[in-house]
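Dear colleague,

Please find the structure below, handed over for your records. My findings follow directly after it.

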Amino acid sequence: MVNRVLIRIKVVQLLYSYFLSQREFKIETPAENPSRDKKYGYELYIDLLMLILELSGYDTSDGHHESPLRGLILNKHINHNQLAKSLNSLPELRSLILKNRIDLSAYQAVIPSIYDAISTIPGFKAYQRIKEPELKDDVNLWLSIVENLFINNPEFVAVCRKSPDFTLAGFTRAGMAIHKTLSEYGDNRSLLIQARNALGHSLDKAYDLYLSLLTLPMCICRAQELRLDNAKHKFLPSDEDLNPDMRFVENKFVRALGENPVIADFISDRKPAWEADDELVSNLLDAVLASDQYKEYMEAPGEKTFKEDAELWRNLFRNIILPSDILAESLESKSVYWNDDLHVMCTFVIKTVKKYAQSEKDGADIRILPQFKDEEDRNFGPDLFMSTIKKFADTRKLIDSFVNTNRWDADRLAFMDIVIMATAITELLDYPAIPIAVTLNEYIEIANSYSTPRSGAFINGILYSVINHLKEEGKLIKK
């Protein structure tokens, strides 16, 4: 069973990895001890990036200046398109905007004419014909806009020349840099598909762990049976060797597990993770044989009931096997996913064994838990993952607006904190049936486990502010 607790953890982990991969497309950094050409080229390069955001409907002055587009009819094809959203989410640009270091006033007079001219260039006309533009289409459009309406536009060049820092070499450098940055923001589909597939794979591996853990009793009993058989054939076997107590080896619960069709298919199709790990099974068997639970079971006389056999394994799982460092080390070597999954899967393993202990038909009436409770849970992870990516630029801006800059530097927030908050906000907005308290508690717990020691309290404060704001805006209507 893969529940929503684990799904949320997986989504946050894969989003963090995905966004870090995206951030490989970084903006240029200023040169150390730059020449006049390099200095002006970098300043114009940043201005061009900000002009792209301005023309896309983003306020780069953070409310300190009136938008040059005020009064114009907005072009629906470029307003907040995918490329602009990606650029707006870059920490380097967000930092400049938040610190009010952007001043596009020099271009104020030329921006309206450039905006009006966008619809006349060939690249825009081709873009209009695309029914569902992708990121690569946005890139091609903006490359065309930059080339035709900035770099080769006499009106824009004339504005640039008014700067006392202007150099022709610097202007050329800026044009080359902006072309490189936009080109590197090419089609991101393969990266997104890989991340989406990785999410599905990690959830599959979590369920594999659940089924694999349920096969451990069979492996351990088989190992003990082999030891008892070897003892019979040693040079001078004792009476106990020749007539061993087989109650543990012939455990009724273990036999019922082996007969369960889901477990049988799993063993046949995918093989338990420890089928060839004799050392792990042997070490776990030693731990079981030395345990008080095993000794009490074997010391009590008489044939065991099915319930007693199941209760033995529930106690062994809870107290000996699942807390074992040996098991944790083995899982770490077998799958990069499993150490994070172990706590949640252990809970469901113990629940499953408890259900067997309560069986009225010696386990024949017990169903192994499915991978997901229902289709809604099956779709929860992929839908939350994709929606968080789609809304990331907007949620990042919302998060930044509630950061107390007297106590926190928005530019230096732990990126994991940002991903956790963005995912939580998306869940708050997209899943009206999930109570606010549930969402808050789940993501604060993730922050406590996967981010910095101060993250839980920080995220709690920001999310409460965001929730109150969304309620005031009428965008969040639930308790």
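Tyr356 is located in helix α18, which spans residues 338-357. Please note that the model is a predicted one. With a relative accessibility of 0%, Tyr356 falls under the 20% limit and therefore counts as buried. Leaving aside residues up to four places away in sequence, Tyr356 touches Phe253, Ala256, Leu257, Asn260, Phe306, Ala310, Gly363, Ile366 and Ile368. Tyr356 and Glu311 are separated by 45 residues in sequence, while their C-alpha atoms are 8.8 Å apart in space.

**Aromatic pairs**

The count of aromatic pairs in the model comes to 17. One of them joins Phe166 and Phe171 in a tilted arrangement, with 6.1 Å from centre to centre and 55 degrees between the planes. Both Phe166 and Phe171 are buried.

A further pair is formed by Phe248 and Trp313, whose ring centres lie 5.6 Å apart and whose planes are at 25 degrees, so this pair is stacked.

**Packing of α2 and α7**

Two packed helices are described by the angle between their axes and the distance between the axes. For helix α2 (residues 36-55) and helix α7 (residues 135-151), the axes come within 12 Å and cross at roughly 110 degrees. Angles of 65 to 115 degrees count as roughly perpendicular, and α2 and α7 are therefore placed in that class. The crossing in which α2 passes α7 is right-handed.

Which residues of α2 and α7 make the contact? On the α2 side they are Leu48, Leu51, Ile52 and Leu55, and on the α7 side Trp142, Val146, Phe150 and Ile151. Sorted by class, the contact of α2 with α7 comprises eight nonpolar residues, with no polar and no charged ones.

Yours sincerely

Notes:
Residues are numbered from 1 along each chain as its sequence is written. This is a predicted model: local features need pLDDT of at least 70, side-chain atom pairs count only at pLDDT 80 or more; totals for chains, interfaces and linings use all residues. Side-chain values use heavy atoms; hydrogens and water are left out. Axes are lines fitted to C-alpha atoms, for helices over the stretch in contact, and angles run from 0 to 180 degrees between N-to-C directions. Helices (H or I, at least four residues) and strands (E, at least two) are DSSP runs, numbered from the N terminus. Angles under 35 degrees count as roughly parallel, over 145 as roughly antiparallel, 65 to 115 as roughly perpendicular and the rest as oblique. A crossing is left-handed if the near helix is turned anticlockwise from the far one by less than a right angle, and right-handed if clockwise. Contact means heavy atoms within 4.5 Å. Ala, Val, Leu, Ile, Met, Phe, Trp, Tyr, Cys and Pro count as nonpolar, Asp, Glu, Lys and Arg as charged, and the others, Gly among them, as polar. Buried means under 20% relative accessible area, exposed over 50%, partly exposed in between (1.4 Å probe, protein chains only). Rings of Phe, Tyr and Trp (its six-membered ring) pair if their centres lie within 6.5 Å; planes under 30 degrees apart count as stacked, over 60 as edge-to-face and the rest as tilted.
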